[in-house]
Amino acid sequence: LHRRRHSFPTRRSSDLVRYPLETSVQCMIRPLEPADDAGFMRFLHEVPEFERLFIKQRLDNPALVKEWCADVDYDARLPLLAFADGQVIGLATLEQRHGGWKRHIGMTHLLTHPGYRGVGLAGMLIREIIDVARHCGLSHLQAEFNAERELAIRAFRESGFDELMRLHGYVMDMQAKTHAYVLMGMKLTTDIENTGAGD
């Protein structure tokens, strides 16, 4: 990876000065910024609906998407965007809790643009999230899917995640159709100085 350094404030992940990254997949990775709202919304609409089951944003309301982009709490939820030719082509998020009995477990979500499948983008974004999670002091990462997301499930498996749970008919989409729920996870190896999640 070829990296360009850029200051980016965060309480626990001081290594985020690494962004934006210019990568071997011919794209740039950096955290979502307020001005990304229109491109972010366009990207979400270009991803197939069955892949967006766990996206909480209201895609039909640009004002709400704009507000969400302007008010992201990077300590709790870090959204990393991948860009190519000025457009958003991928999203990977890392969610953390800074208190409670799950404070050592991060949750990650991944979406990629249909036009950029099969080029290594998904695996690259997953590896980036794993690296950030380690530097945050997290000891475990989890990811959840509806079972139709076979490509994403395979990408996470190839990145070291194991299937922890599969519950048939457990989640429901906006058309009241049920889907199998898949939970995957991996144990991280953390450096002893990066143990902030236990503070």
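Analyst: Because its relative accessibility is 1%, Thr 93 counts as buried, a word that stands for under 20% relative accessible area, while exposed stands for over 50% and partly exposed for what lies in between, with a 1.4 Å probe and protein chains only. This is a predicted model, in which local features need pLDDT of at least 70 and side-chain atom pairs count only at pLDDT 80 or more, whereas totals for chains, interfaces and linings use all residues. Residues are numbered from 1 along each chain as its sequence is written, and side-chain values use heavy atoms, with hydrogens and water left out.

Thr 93 belongs to strand β5, residues 87-95; strands (E, at least two residues) and helices (H or I, at least four) are DSSP runs numbered from the N terminus. Leaving aside residues up to four places away in sequence, Thr 93 touches Arg 77, Leu 78, Pro 79, Met 107, Thr 108, His 109 and Ile 129, where contact means heavy atoms within 4.5 Å. Ile 126 is 33 residues from Thr 93 along the chain, and their C-alpha atoms are 9.3 Å apart.

As for confidence, pLDDT is the predictor's confidence in each residue, from 0 to 100, and the protein chain averages 84, with 80% of the residues scoring at least 70. Residues 1-13, however, stay under 50, and the model has 44 contacts for them beyond four places in sequence. Residues 192-199 also have a pLDDT under 50, with 16 contacts beyond four places in sequence.
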